[in-house]
Every structure is written in structure tokens, then in C-alpha cells.
Amino acid sequence: MNNFKFEALNHLDFEYLNDLSETELAENQIKKMKVDQFPGFPCRTTLEDAKIGEMVFLLNYDFHNVNSPYRANGPVFVRANQPTKTYENNEIPVMFNHRLLSLRGYNKEAMMIFSDVSEGKFLKEKLSQILENPKIEYIHLHNAKPGCFNCTVKRI
């Protein structure tokens, strides 16, 4: 088996959101929202679906800030006041079990050299299979239908 580790976004990158006024949030195209359905608001710092009633921020984030044509940004949800959750080697966060995912494999030059779609319930086997290619350094997971970035999976 090829080993991997999920990396959630660092909550410290988002702490400033709690101090912004409604006006400042609006000026920066950031939405503060109360969760009204479960699942539906996947937090990128915990890799868990936010629970009904929790507050989340929706903002544009540079999730692939690299020197490559594949540099990318897009919308992400982050939960207010939640520390980054870490996962064990080869552990799959529960929130992926019920999602259709787009998997994008990148080499050390940050060039995409693989892409596929998988149901989350098959994710562990799929990641191991993708990492059989020694040129793949890391994988990005996106929600396949809306296309939103979820997290990075690193080879270990």
C-alpha cells in the first residue's frame, strides 16, 4: 500500500475573519453564514461537515499558490473558531465518504499529471492506486459536482 496523509488548511490563516465587521466582510467578498443543512458546509480546516447552527465563513482562497499554470484559487468554507484537525497516516476523514470527488495528481513541478473521479467510499483504495505513480507528489481533492477544493493529500 502507498501511504498518504490528509492535510487540512491551517486555521491560523483564517483567524482574522472573526475580527472583521459585517462591512469589512462584504468589502472582501466574504460571507458569514449560519449552517442550515447537514451535510452541506464542508470545513477545510477540520475536514468535517459543519453542524446545523454553526457559523461558517465562505471566502475565496489561494489553495494552490505555486509557480505553475495550475496555480488556483476558489471558494472554501471554514468554521469559526475551530483549530486545524490532523489525521493519522492513511486515515480518511468521514466527510468524504458521501461525496463524489475529483482527484488531481501533481508532480514536483506542480503540474497536473493525473485526474479522475471517484466516490468517496472508494477513496482509500483510489489514493493508494494513484500513488503507485512515483511522479505524483501530492493530490488535490475537489467536490466533483461544484468543483470546490477540499484538501491536499500528501505522499508519505
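Where is Asn81 found? Asn81 sits in the loop between strand E6 (72–79) and strand E7 (100–106). The structure is a predicted model.

**Negative patch**
- A patch of negative charge on the surface brings together Glu15, Asp19, Glu24 and Glu27.
- Glu15, one of these residues, belongs to the loop between strand E1 (4–7) and helix H1 (22–27).
- The relative accessible area of Glu15 is 44%, so Glu15 counts as partly exposed.

**Backbone background**
- Most residues other than glycine have a negative phi, and most peptide bonds are trans.

**Cis peptide bond**
- Phe38 and Pro39 are joined by a cis peptide bond, with omega about -5°.
- Pro39 is part of the loop between strand E2 (31–34) and strand E3 (42–43).

**Positive phi at Asn81**
- Asn81 is a residue other than glycine, and its phi has a positive value near 60°.
- The relative accessibility of Asn81 is 62%, so Asn81 is exposed, because exposed means over 50% relative accessible area.

**Positive phi at Ala110**
- Ala110, also not a glycine, has a positive phi near 65°.
- Ala110 lies in the loop between E7 and strand E8 (112–119).
- Is Ala110 buried or exposed? Ala110 has a relative accessible area of 7% and is therefore buried, since buried means under 20%.

How values were computed: Residues are numbered from 1 along each chain as its sequence is written. This is a predicted model: local features need pLDDT of at least 70, side-chain atom pairs count only at pLDDT 80 or more; totals for chains, interfaces and linings use all residues. Side-chain values use heavy atoms; hydrogens and water are left out. Patches are made of residues with over 30% relative accessible area and no salt bridge: like charges are joined within 9 Å, nonpolar side chains (Val, Leu, Ile, Met, Phe, Trp, Tyr) within 5 Å. Accessible areas come from the Shrake-Rupley method with a 1.4 Å probe; for residues, only the protein chains shown count as cover. A salt bridge is a side-chain nitrogen of Lys or Arg within 4 Å of a carboxyl oxygen of Asp or Glu. Lys and Arg count as positive and Asp and Glu as negative; His and the chain ends are not counted. The place of a charge is taken as NZ of Lys, CZ of Arg, CG of Asp or CD of Glu. Helices (H or I, at least four residues) and strands (E, at least two) are DSSP runs, numbered from the N terminus. Buried means under 20% relative accessible area, exposed over 50%, partly exposed in between (1.4 Å probe, protein chains only).
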